Amino acid sequence: MQAKDCHINYVEFKSKDLIETKMFYESSFDWKFTDYGPTYIAFSESGLEGGFEKTDNEIVNGALVVLFHSNLRLIKNKIIEAGGKISKEIFPFPRRAQIPF
């Protein structure tokens, strides 16, 4: 599926136990996982790609939704001009197709 500007591209959740989380979603829903070290697993074949980040903290509002845009600096400025706040600066992360930052 081709990523489209302003569409949800990725969603991220917190997890206390990545092994348990991975086993649950694999066995329940046949999701596929890619391990990225001891604190992160990415999932696919769920209808939307995403990941789980390990945390030892209490999980409150534990989702990060990532919106795709082909020009991150342009959309960042547009968000700020519209009164939005950037909670996480632009950063590279593993993807099948890398987007230049």
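The model is predicted, so to speak of local features a pLDDT of at least 70 is needed, side-chain atom pairs count only at pLDDT 80 or more, and totals for chains, interfaces and linings use all residues. Residues are numbered from 1 along each chain as its sequence is written, and side-chain values use heavy atoms, with hydrogens and water left out.

One stretch calls for care: over residues 96–101 the pLDDT stays under 50, and the model has nine contacts there beyond four places in sequence. A contact here means heavy atoms within 4.5 Å.

### Overall layout

Two helices and five strands make up the secondary structure, and along the sequence they follow the pattern β-α-β-β-β-β-α. Of the contacts in the chain with a separation of 6 or more, 58% are between residues 24 or more positions apart. Of the 101 residues, 23% count as buried; buried means under 20% relative accessible area, exposed means over 50%, and partly exposed lies in between, using a 1.4 Å probe and protein chains only.

E3 has E2 as an antiparallel partner, joined to it by four bridges; two strands count as paired if DSSP finds at least two bridges between them. Within this pairing, Asp-35 has Ile-41 as its bridge partner, and Phe-33 stands opposite Phe-43. E2 and E3 form a hairpin with four residues between them, and Gly-37 in the turn has a positive phi of about 85°.

E3 also pairs with strand E4 (residues 50–54), again in the antiparallel sense and over four bridges. Here Ala-42 stands opposite Gly-51. The hairpin of E3 and E4 has five residues between the strands, and Glu-45 takes a positive phi near 60°.

### The nonpolar core

Which residues make up the largest nonpolar core? There are seven: Val-11, Leu-18, Trp-31, Phe-33, Ile-41, Phe-43 and Phe-52. Such a core is a set of buried Ala, Val, Leu, Ile, Met, Phe, Trp, Tyr and Cys residues joined through side-chain atoms within 4.5 Å. Leaving out residues up to four places away in sequence, Leu-18 touches Pro-38, Thr-39, Tyr-40, Ile-41, Phe-52, Glu-53 and Lys-54.

Ser-15, in strand E1 (residues 8–15), is buried at 4% relative accessibility. A polar atom of its side chain lies 3.2 Å from the backbone nitrogen of Asp-17.

### Salt bridges

Side chains of opposite charge can pair when their charged atoms come close. A search of the whole structure finds four salt bridges, each being a side-chain nitrogen of Lys or Arg within 4 Å of a carboxyl oxygen of Asp or Glu. The table includes three of them.

| Pair | N to O distance |
|---|---|
| Asp-35 and Lys-22 | 3.0 Å |
| Asp-56 and Lys-54 | 3.0 Å |
| Lys-76 and Glu-89 | 2.5 Å |

Asp-35 forms its salt bridge with Lys-22, and this pair links distant parts of the chain: Asp-35 is in strand E2 (residues 32–35) and Lys-22 is in helix H1 (residues 18–29), 13 residues apart. Asp-35 is partly exposed, with a relative accessible area of 48%.

In the salt bridge of Asp-56 and Lys-54, Asp-56 is exposed at 66% relative accessible area, whereas Lys-54 is partly exposed at 33%.

The side chains of Lys-76 and Glu-89 also meet in a salt bridge. Lys-76 lies in helix H2 (residues 72–81) and Glu-89 in the segment after H2, so this pair ties together parts that are 13 residues apart in sequence. Lys-76 counts as partly exposed at 22% relative accessibility, and Glu-89 is partly exposed at 46%.

Conventions: pLDDT is the predictor's confidence in each residue, from 0 to 100. A polar contact is a pair of N or O atoms within 3.5 Å; within protein, one must be able to donate a hydrogen and the other to accept it, and residues adjacent in sequence count only if both atoms are side-chain atoms.
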